[in-house]
Amino acid sequence: MDYSPGTDERSFSRGRAVYYVNENYLQMVEESGGIPYLLPATDRHDTVAEMLEPLHGILLTGGTDLDPSSYREEPFEETSEFDRRRTFFEFALIREALGRNLPILGICRGNQSLNVALGGDLYQHLPRQVPGAVKHRAGKGEPVARHEIEIEPDSKLAQILGRTRLEVNSYHHQAVRKVGQGLRVVARSVPDGIVEALELPNKPFCLTVQWHPERDFERPEEKKLLAAFVEAARTYAKQR
Ligand code: MN
């Protein structure tokens, strides 16, 4: 599990840096039979390896934008609040987790992190770089953006959800552009074809989605996705 760094203006922290995760991620994991732990960012690689020892799966949460230097670009004006430490921590986490065949579920930023960690890159701002794209993020005061996705019929995602079309929420202004090494695009938005899910086919469970299951967790599809992740974590725990 990962968290977001930021500042908190409440009295106990008064603008000092804090690490936090939105509660709905934690509730979703617990409701699915898992036990959530939060991992603080570190740039020490040996610490990352030790952190993973007691864990049975990694959930990469949403958050602010990735540091664009991670895919060798200067930040666009619209690429705000990106965090260098978290970006490179996530990459270390992903590499370590893949090396151990630890199950990975990525959400929103997690989808983008996995892609860039494996050498892919991102559109920094969809409205500017893909002018014909459907609305992937609502403007201020607008209702949540939602759109259809089309899922590859022979993918793990389709197998888990039991369907190949789904309406999903959409809270992102960045998206996968060049696909990272070994990754398979398993869902795209309709009709603009923006990448909405990735799988690493040679791993027991490495699946990332661009939408937010934790914000629609009353839906059976989101419950199925989390149940599959927790099941993969159980299998990992048994086989280790
Ligand atoms: Mn979207």
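Student: Which way do S4 and S11 run, and how many bridges join them?

Tutor: They run parallel, and four bridges join S4 to S11. Keep in mind that this is a predicted model.

Student: Okay. Which residue is the bridge partner of Ile107 in S11?

Tutor: That's Val209.

Student: What holds paired strands together in general?

Tutor: Strands of a sheet pair through backbone hydrogen bonds, either parallel or antiparallel.

Student: So what is the order of the strands in the sheet here?

Tutor: The order is S3-S4-S11-S10-S9-S6-S7, which makes an open sheet of seven strands with mixed pairing. S3 and S7 are the edge strands, each pairing on one side only. From one strand to the next, the twist averages 20 degrees.

Student: Which helix packs on that sheet?

Tutor: Helix H3 does, and it touches S3, S4 and S11. The direction of H3 makes about 150 degrees with that of S3. H3 covers residues 84–99, and together with S3 and S4 it makes a β-α-β unit.

Student: What's the handedness of that unit?

Tutor: The β-α-β unit of S3, H3 and S4 is right-handed. S3 and S4 pair in the parallel sense over three bridges, and Leu59 stands opposite Leu105 in S4.

Student: Which way does S10 run relative to S9?

Tutor: S9 (residues 184–189) and S10 run antiparallel, joined by four bridges. Across that pair, Arg184 stands opposite Glu199 in S10. The hairpin of S9 and S10 has five residues between the strands, and Gly193 there takes a positive phi near 75 degrees.

Student: What about S10 and S11?

Tutor: They're antiparallel too, with three bridges joining S10 to S11 (residues 206–209). A hairpin of six residues joins them, and Leu198 has Thr208 as its bridge partner in S11.

Student: New topic: the metal! Which residues coordinate the manganese ion?

Tutor: The donors are His136 (ND1), His147 (NE2), Ser170 (OG), His172 (NE2) and Glu196 (OE), at 2.2 to 2.3 Å. Along the chain they follow the spacing H-x10-H-x22-S-x1-H-x23-E.

Student: Where in the fold are His147 and Ser170?

Tutor: His147 lies in strand S6 (residues 145–151) and Ser170 in strand S7 (residues 165–170), so the pair ties together parts that are 23 residues apart in sequence.

Student: Are those two buried or exposed?

Tutor: His147 is buried, and Ser170 is buried as well.

Student: Let's jump to helix H1. Which residues are buried there?

Tutor: In H1 (residues 23–31), the buried ones are Tyr25, Leu26, Met28 and Val29. Seen down the helix axis, the buried residues of H1 fall within an arc of 160 degrees, so they line one face of the helix.

Student: Why would residues a few places apart point the same way?

Tutor: An α-helix has 3.6 residues a turn, so residues three or four places apart point the same way.

Student: What covers that buried face of H1?

Tutor: The cover over the buried residues of H1 includes strand S3 (58–60), strand S4 (104–107) and helix H7 (220–239).

Student: And which residues are exposed on the other side?

Tutor: Over there, Glu23, Glu30 and Glu31 are exposed.

Student: What comes after H1?

Tutor: H1 is followed by Gly33, which has a positive phi near 95 degrees.

Student: Last one: where does Gly119 lie?

Tutor: Gly119 is in the loop between helix H4 (109–117) and strand S5 (122–123). It has 35% relative accessibility, so Gly119 counts as partly exposed.

Student: What does Gly119 touch?

Tutor: Leaving out residues up to four places away in sequence, Gly119 touches Lys178 and Gly180. Gly119 and Tyr71 are 7.6 Å apart in space, C-alpha to C-alpha, and 48 residues apart in sequence.

Conventions. Residues are numbered from 1 along each chain as its sequence is written. This is a predicted model: local features need pLDDT of at least 70, side-chain atom pairs count only at pLDDT 80 or more; totals for chains, interfaces and linings use all residues. Side-chain values use heavy atoms; hydrogens and water are left out. Buried means under 20% relative accessible area, exposed over 50%, partly exposed in between (1.4 Å probe, protein chains only). Helices (H or I, at least four residues) and strands (E, at least two) are DSSP runs, numbered from the N terminus. The arc is that of the directions from the helix axis to the C-beta atoms. Contact means heavy atoms within 4.5 Å. Two strands pair if DSSP finds at least two bridges between them. Donors are N, O and S atoms within 2.8 Å of the metal (3.2 Å for Na, K and Ca); water is not among the atoms, so sites may look incomplete. A crossover is right-handed if, with the strands pointing away from the viewer, the path from the first strand over the helix to the second runs clockwise. Axes are lines fitted to C-alpha atoms, for helices over the stretch in contact, and angles run from 0 to 180 degrees between N-to-C directions.
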